[in-house]
Amino acid sequence: MRILVVEDDALLGDAIQAGLKQSGYAVDWLRDGLAADQALSTEPYAAVVLDWGLPRLSGLEVLQRLRDRKADIPVILLTARDTVHDRIQGLDSGADDYLIKPFDMGELAARLRALVRRASGNATPSLKAGEVELDPAGHQVTYLGKPVELSAREFAVLHALMLNTGKVLSRAQLEEKLYAWGDEIESNAVEVHIHHLRRKLSPTLIETIRGVGYLIR
Ligand code: CA
């Protein structure tokens with residue numbers, strides 16, 4: 001799951017990136033609003049953590065441009081402001097959630113999980129497909145009721161497919177969700193993760209649609 005973090009404070013940006021990586025996300029970190037606006041026009045992020053006060057284009061303007069493009073990607077707005085008026089303005093501009101600095105990394109990760117889940121139309125915390133159950137919060141997968149050990153990227157592949165049941169995801173789409181800029185992508189990485197998932201879970205859970213991609217029904 002790929003997240004965009006936009007924060008001009010180097011220490012805070014670094015902490016958010018490290019914290020979210022630890023939670024299993026692929027994280028791109030940008031430090032100004034204009035770069036964020038451009039990245040959001042082209043890259044398929046699952047969610048954005050957006051600082052309000054940014055150089056070149058404020059977080060609020062980035063958000064307004066995003067919503068003007070009818071993009072419904074979930075956004076958490078970060079700000080040092082905490083007046084009711086600011087909060088209303090932020091939410092009115094299309095933010096899905098709001099965190100006031102300083103905040104706890106665990107809380108940011110928890111709110112992100114909730115937003116991504118709601119955006120995919122799943123109100124319940126865990127995802128189910130056949131006998132496989134995935135709990136995004138606890139980062140746990142069970143098959144036939146028993147816990148299964150998955151690597152962070154295997155988990156991410158399974159999570160992406162389970163959030164999109166009934167839809168075919170191409171290898172490129174999965175790679176875009178799994179890797180941040182600068183991450184090294186091995187050419188057959190997705191195939192290898194799928195192979196491991198089939199071995200660890202049910203061999204029939206993930207279908208290969210030849211020439212198109214992968215699918216969980
Ligand atoms: Ca700032």
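View 1. G53, at 43% relative accessibility, counts as partly exposed, whereas D51, at 3%, counts as buried. Buried means under 20% relative accessible area, exposed over 50% and partly exposed in between, with a 1.4 Å probe and protein chains only. The calcium ion is coordinated at 2.1 to 2.3 Å by D8 (OD), D51 (OD) and G53 (O). Donors are N, O and S atoms within 2.8 Å of the metal, or 3.2 Å for Na, K and Ca; water is not among the atoms, so sites may look incomplete. Along the sequence, the donor residues follow the spacing D-x42-D-x1-G.

**View 2. Packing of helix α1 on helix α5.** Helix α1 (residues 10-22) and helix α5 (residues 105-119) pack with their axes 10 Å apart, at an angle of about 60 degrees. The two helices are therefore oblique to each other. On the α1 side the contact is made by A15, I16, G19 and L20, and on the α5 side by M105, L108, A109 and L112; contact means heavy atoms within 4.5 Å. Axes are lines fitted to C-alpha atoms, for helices over the stretch in contact, and angles run from 0 to 180 degrees between N-to-C directions. Angles under 35 degrees count as roughly parallel, over 145 as roughly antiparallel, 65 to 115 as roughly perpendicular and the rest as oblique.

**View 3. Confidence along the protein chain.** Mean pLDDT (the predictor's confidence in each residue, from 0 to 100) is 91 for the protein chain, and 99% of its residues reach 70 or more. Helices (H or I, at least four residues) and strands (E, at least two) are DSSP runs numbered from the N terminus.

**Notes.** Residues are numbered from 1 along each chain as its sequence is written, and side-chain values use heavy atoms, with hydrogens and water left out. In this predicted model local features need pLDDT of at least 70 and side-chain atom pairs count only at pLDDT 80 or more, while totals for chains, interfaces and linings use all residues.
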